[in-house]
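Please look over the sequence and the model below before reading on.

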Amino acid sequence: MRIKLGRISLRSILQGLGTSRPLLIILRIALGLVFIYASLDKVVHPDQFAEIMQDYEILPNAVVNLASLWLAWLEAVLGVCLIAGVWVSGGTYGYRPYGHLYRWPFDRLHPGRWATLRLLFH
Amino acid sequence: MKTLVIAILRELLRIAGIAVASLTLAIAANTMHPMNLPLLVTKGQPGVPNWVLERFKEVDPQGAMGLVNNPEVLVIDTRDEPDFRKQHIPRAVSLPYHGFNQRYPQFAESVSKDKPLLLYCYGTDCGLAARVGKRLITKGYTELTILRRGIEAWKAANLPLETSEEYNEN
């Protein structure tokens, strides 16, 4: 599906937003804060998180404690990584080494068309 | 192609790094945490550390009958409230696991910390009594006894039960 607004397509706008460095940083930090907020209660009360996990009956009881401790801290570490911008992968291809590996399909599909947009957003 | 393989390897290395870092942090934090959960649950149930288990006394239904007849002991039903209203052990009061935080302030006002408590829950594999007991121990209660296999064992031993006055079948 393609919505055209003159020479600018919806796709080009979305792609422009996707490579907008300030926007990506804001969204990344917001997501990191969500992760850290979600991990707080689990880190402070790991025993109660283990109870909740036991009630899901997915894991054998023997490993529930370890899994609940690990998951709570994994959430916290991922949040810190997102905010600090270290070990961040995937959606941040715009300004990373090997970024061309992630970016090339869009470049190939629309060479030049959103080069101007990229100038605006970068 | 070669750069792609390197990029993928770098991603995997990152994932492994984050996994190892968080696991190390989790284990280190757990040793300093007052709960200090055992990493592998070998006895009891998840979320209830061994030092809490050691502070519980356990009784069978006959032993519990002696406590129920002792007016000094407070009997606590940790099951959900509709089940409590339907049928419960004589003299029991309801302090359900689901809703503990709402009910606890009222409970703490009326029950002193050194009061002997007998807790019970549904039965086989039921951990609600241990979960409520753990919360009571962290709040400062000291004399806790748990009825082994809960109200199921009590019923199996043909001991008396009570129904709340306000209970009706509808």
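Val63(A) is found in helix H4 of chain A, where helices (H or I, at least four residues) and strands (E, at least two) are DSSP runs, numbered from the N terminus. The model is a predicted one, in which local features need pLDDT of at least 70 and side-chain atom pairs count only at pLDDT 80 or more, while totals for chains, interfaces and linings use all residues. Residues are numbered from 1 along each chain as its sequence is written, and chains are lettered from A and ligands numbered from 1 in the order in which they are written.

With 15 C-beta neighbours inside 10 Å, Val63(A) counts as partly exposed; a residue is called buried if 20 or more other C-beta atoms lie within 10 Å of its own, exposed if 12 or fewer, and partly exposed in between, the C-beta atoms being placed from the backbone. Between the C-alpha atoms of Val63(A) and Val88(A), which are 25 residues apart along the chain, the separation is 29 Å.

Chain A as a whole has six helices and two strands, and from the N terminus on its elements follow the order β-β-α-α-α-α-α-α. Of its 122 residues, 23% are buried. Two residues are taken to be in contact if their C-beta atoms, placed from the backbone, lie within 7 Å, and among contacts in chain A between residues at least 6 apart in sequence, 64% join residues at least 24 apart.

Angles under 35 degrees count as roughly parallel, over 145 as roughly antiparallel, 65 to 115 as roughly perpendicular and the rest as oblique. A crossing is left-handed if the near helix is turned anticlockwise from the far one by less than a right angle, and right-handed if clockwise.

Within chain A, the axes of helix H2 (residues 21-44) and H4(A) come within 7 Å and cross at roughly 155°, so H2(A) and H4(A) are roughly antiparallel to each other. Their crossing is left-handed. On the H2(A) side the contact includes Ile29(A), Gly32(A), Phe35(A), Ile36(A) and Lys42(A), and on the H4(A) side it includes Trp73(A), Glu75(A), Gly79(A) and Ile83(A). By class, this contact of H2(A) with H4(A) has 13 nonpolar, three polar and three charged residues, where Ala, Val, Leu, Ile, Met, Phe, Trp, Tyr, Cys and Pro count as nonpolar, Asp, Glu, Lys and Arg as charged, and the others, Gly among them, as polar.

H4(A) (residues 61-84) also meets helix H3 (residues 46-56) of chain A, their axes coming within 9 Å and crossing at roughly 125°, and H3(A) and H4(A) are therefore oblique to each other. The crossing of H3(A) and H4(A) is right-handed. Among the residues that meet here are Phe49(A) and Met53(A) in H3(A), and Val64(A), Leu69(A) and Ala72(A) in H4(A). The contact of H3(A) with H4(A) divides into eight nonpolar, four polar and no charged residues.

Which helix of chain B does H4(A) cross at roughly 125°? The partner is H1(B), and the two axes come within 8 Å, which makes H4(A) oblique to H1(B). H4(A) passes H1(B) in a right-handed crossing. Trp70(A), Trp73(A), Val77(A) and Cys81(A) are among the H4(A) residues in this contact, and Ile18(B), Leu25(B) and Asn30(B) are among those in H1(B). Its residues comprise 14 nonpolar, two polar and no charged.

The contact between the chains takes 26 residues from chain B and 25 residues from chain A. Helix H1 (residues 2-32) of chain B gives the largest share of the chain B side, 14 residues, and that side divides into 16 nonpolar, seven polar and three charged residues.

Chain B is divided into domain 1 (1-33) and domain 2 (50-156), with bounds that come from an automatic or database domain assignment. The centres of these two domains of chain B, taken over C-alpha atoms, are separated by 43 Å. Asn36(B) lies in the loop between H1 and helix H2 (50-53) of chain B and has a positive phi of about 45° although it is not a glycine.

Key: Axes fitted to C-alpha atoms, helices over the stretch in contact; angles between N-to-C directions.
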